Amino acid sequence: MRASTSLRILLAVIVIAVLAATPGQSVVAFGAEPAPDPAPTESTVNEFLPEERGLGECISAVPKPGCGSEARGGWRQGLVLLAILLGLGVIAWRVIAASRAARRRLTEGDEPTATVG
């Protein structure tokens, strides 16, 4: 391949990557007025928020006492925590096992070999 062909391919790949990474823009016809947004309604229909309090009182970095419900957590959240802890345990076990095997090879006089594959 010539240098100009590979440069064109590289340029095309970069342009495609940039276009793929940018969010799509909507096309608006000139002169068309956008439809007005309906007025937002404040609703607290949510099992995690009490219905007798305002939405702004309970959604905060530091929610006020009495916000929330008993529906939080549960066995699914515990199951996720257990899966995360088991995954971390497997990773730690593999790191320790590989470290011990490498140390054993070094003390036996064998040089560590790099595997390709």
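**Close-up views of a predicted model**

**View 1. Confidence along the chain of this predicted model.** Helix 3 has the highest confidence in the chain, with a mean pLDDT of 95. Helix 2, residues 55–58, has the lowest, with a mean of 74. The chain as a whole averages a pLDDT of 76. A score of at least 70 is reached by 65% of the residues.

**View 2. Helix 3 from end to end, residues 75–107.** This helix holds 33 residues. At 1.5 Å a residue, helix 3 should therefore span 48 Å. Its end C-alpha atoms lie 47 Å apart, in agreement with that span. Glycine 109 follows helix 3 and has a positive phi, near 95 degrees.

View 3. Leucine 81 is placed in helix 3.

**View 4. Arginine 94 over tryptophan 93.** The charged end of arginine 94 sits 5.3 Å from the centre of the tryptophan 93 ring. Aromatic pairs number zero across the whole structure.

Technical notes
Residues are numbered from 1 along each chain as its sequence is written. This is a predicted model: local features need pLDDT of at least 70, side-chain atom pairs count only at pLDDT 80 or more; totals for chains, interfaces and linings use all residues. Side-chain values use heavy atoms; hydrogens and water are left out. Rings of Phe, Tyr and Trp (its six-membered ring) pair if their centres lie within 6.5 Å; planes under 30 degrees apart count as stacked, over 60 as edge-to-face and the rest as tilted. A charge sits over a ring if NZ of Lys or CZ of Arg is within 6 Å of the ring centre and within 35 degrees of the ring normal. Helices (H or I, at least four residues) and strands (E, at least two) are DSSP runs, numbered from the N terminus. The expected span of a helix is 1.5 Å times one less than its number of residues. pLDDT is the predictor's confidence in each residue, from 0 to 100.
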